[in-house]
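Reader: I have a model open on my screen. Could you show me how to read its features one by one?

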Amino acid sequence: MGTSITKAVIPAAGLGTRFLPATKAMPKEMLPVVDKPAIQYVVEEAVAAGLPDVLMVTGRNKNALENHFDRMTELEAILEKKGDQSRLAKVNWATELADIHYVRQGDPLGLGHAVLRAKMHVGNEPFAVLLGDDIIDSRDPLLTKMLTEQGKRNASIIALMEVDPSQIHLYGAAAVEATDDPDVVRVTGLVEKPDAADAPSNLAIIGRYVLRPEVFGVLEHTQPGKGNEIQLTDALQEMAATPDATGGVYGVIFRGRRYDTGDRLDYIKAIIQLAVDRDDLGPDLRPWLQDFVATLD
């Protein structure tokens, strides 16, 4: 892999207002995607890429996150007594998946502020940031590619994806220059959620980052931006403009399968897309979907 990075940071302090009332008492990260909470897919991705040390940046009413990745001895004993080894293995898998730590964000001051809360845990070494709203298909190892590029270029690496220009206002957008790799670009500028007419490209930032620790110093003096929040995009813009001091920023263009669970409609699509590819659900679900769609004509 060409990297010694071992730490991943997962910001999970959002209120999940788009999913109310479901998220009134349950963290949005715990919403099930088929039969696993969304957050577990993200932790599994980090571990598969060689990052076993995970810090979750949480907020109030997020205790269910800690409970999910903790032991539940009563449930384990019941499953053991029933001889239900299959479900017991799934429960134990979540418990033993990673070395998970937690820190509270406190005030909801934006993604940049949430990342800054990881400073004490991360220390002076590069680290990954994975947003829980984005699930990357395990067959498309984006994070592994990003870690390799970080080790190769000693820069901060962000994940980029081409989107329809009409959708770029929903993302941060990157101005880029080509490199010798068609899937890697040098980032020369970033704009948070621009109007289509003002966007430097249709390359959108998606929720994966591999950052040099210099990002913390930049975030400490980053002023609130879009939405009156401390934007990680603004800090990365400064790093892109000061490569001698910060290593600069490069982007890996992702062309694989990504499931957005941060929007209600896309969340439903994600469940269907993941379920139809499963050996235990797909054979029955695919023909049912075909029959159901036929009734809509």
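Author: Start with Phe292, which lies in helix α12 (residues 282-295). Helices (H or I, at least four residues) and strands (E, at least two) are DSSP runs, numbered from the N terminus. This is a predicted model, where local features need pLDDT of at least 70, side-chain atom pairs count only at pLDDT 80 or more, and totals for chains, interfaces and linings use all residues. Residues are numbered from 1 along each chain as its sequence is written, and side-chain values use heavy atoms, with hydrogens and water left out.

Reader: Is Phe292 buried, partly exposed or exposed?

Author: Buried means under 20% relative accessible area, exposed over 50%, partly exposed in between (1.4 Å probe, protein chains only). Phe292 has 40% relative accessibility, so it counts as partly exposed.

Reader: Which residues make the nonpolar surface patch?

Author: Patches take residues with over 30% relative accessible area and no salt bridge; like charges are joined within 9 Å, nonpolar side chains (Val, Leu, Ile, Met, Phe, Trp, Tyr) within 5 Å. Areas come from the Shrake-Rupley method with a 1.4 Å probe; for residues, only the protein chains shown count as cover. Here Trp288, Phe292, Val293 and Leu296 make a patch of about 430 Å².

Reader: What is the mean pLDDT of the protein?

Author: pLDDT is the predictor's confidence in each residue, from 0 to 100. Where it is low, the predicted coordinates should not be read in detail. The mean for this protein is 92, and 99% of its residues reach 70 or more. Confidence is lowest in strand β13 (residues 258-260), at a mean of 90, and highest in strand β6 (residues 127-130), at 97.

Reader: How many salt bridges does the whole structure hold?

Author: A salt bridge is a side-chain nitrogen of Lys or Arg within 4 Å of a carboxyl oxygen of Asp or Glu. The search finds 24. One of them joins Glu125 and Lys7, at 3.9 Å from N to O. Glu125 lies in the loop between α6 (119-122) and β6, and Lys7 in strand β1 (residues 7-12), so the pair ties together parts 118 residues apart in sequence. Glu125 is partly exposed at 26%, whereas Lys7 is buried at 14%.

Reader: Which residues are linked in a network of salt bridges?

Author: Lys145, Glu149, Arg153, Asp180 and Asp181. Take Arg153 and Glu149, whose closest N and O atoms are 2.7 Å apart. Both sit in helix α7 (residues 142-153), 4 residues apart, which means about one helical turn between them. Glu149 is buried, with a relative accessible area of 3%.

Reader: What does the side chain of Arg212 reach?

Author: Think polar contacts: a pair of N or O atoms within 3.5 Å. Within protein, one must be able to donate a hydrogen and the other to accept it, and residues adjacent in sequence count only if both atoms are side-chain atoms. The Arg212 side chain reaches the backbone oxygen of Asn154 at 2.7 Å. With the side chain of Glu214, Arg212 has a polar contact of 2.9 Å. Arg212 is in the loop between β11 (203-211) and α8 (214-220), and it is buried at 12% relative accessibility.

Reader: Where is Asp133 placed?

Author: In the loop between β6 and β7 (134-136). Asp133 is partly exposed, at 24%. Contact means heavy atoms within 4.5 Å. Leaving aside neighbours within four places in sequence, Asp133 is in contact with residues including Arg18, Lys28 and Tyr259. The side chains of Asp133 and Lys28 make a polar contact (3.4 Å).
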